[in-house]
Amino acid sequence: VYPEGNNSNNNQYFAKGAGTVTAIEGLKVTIQKADGSSSVVECGAGADIVVEVGEVVTNGEPITTNPNVGGFGQEEKELVLQDMNRL
């Protein structure tokens, strides 16, 4: 989180209310709520949006992937031991 209060690109973004995704413009996701109002979630640069227009979301549901999981080629495939005596 930056000093101004906005999230950095190392954060996962969540729906600010329950409703239907009505528009995705660049990094802005618009959610139409049941009462007719809408909320806009502005995602940071590099965010990977995982919802689609027309999708129903709940309050607090992730709308982007979590950038802190994996990355940098880190995959849990196998563990290579260099020397058994170093355990």
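Tutor: Of the 87 residues in the chain, 22% are buried (under 20% relative accessible area with a 1.4 Å probe and protein chains only, where exposed is over 50% and partly exposed lies in between). The model is predicted, so local features need pLDDT of at least 70 and side-chain atom pairs count only at pLDDT 80 or more, while totals for chains, interfaces and linings use all residues. Residues are numbered from 1 along each chain as its sequence is written, and side-chain values use heavy atoms, with hydrogens and water left out.

Glutamate 61 lies in the segment that follows strand S4 (56-57), strands being DSSP runs of E with at least two residues and helices runs of H or I with at least four, numbered from the N terminus. With a relative accessible area of 23%, glutamate 61 is partly exposed. Its side chain reaches back to the backbone nitrogen of threonine 58 at 2.9 Å, a polar contact, that is, a pair of N or O atoms within 3.5 Å, one able to donate a hydrogen and the other to accept it, where residues adjacent in sequence count only if both atoms are side-chain atoms.

Apart from neighbours within four places in sequence, glutamate 61 is in contact with Tyr13, Phe14, Ala15, Glu55 and Val56, contact meaning heavy atoms within 4.5 Å. Between glutamate 61 and alanine 15 there are 46 residues of separation in sequence but 5.4 Å in space, C-alpha to C-alpha. Over the whole chain, 45% of the contacts with a separation of 6 or more are made by residues 24 or more positions apart.

Tyr13 and Ala15 also belong to the largest nonpolar core, a set of eleven residues that includes Val57 and Ile63; such a core joins buried Ala, Val, Leu, Ile, Met, Phe, Trp, Tyr and Cys residues through side-chain atoms within 4.5 Å. Cysteine 43, another core member, is in contact with Tyr13 and Ile63, among others.

As for the fold around this site, the chain has four strands and zero helices. The strands form an open sheet in the order S3-S2-S1-S4 with antiparallel pairing, where pairing requires at least two DSSP bridges between two strands. S3 and S4 stand at the edges with a single partner strand each, so one side of each is left without a neighbour in the sheet. S4 is joined to S1 (residues 19-25) by two bridges, and valine 57 in S4 stands opposite glycine 19.
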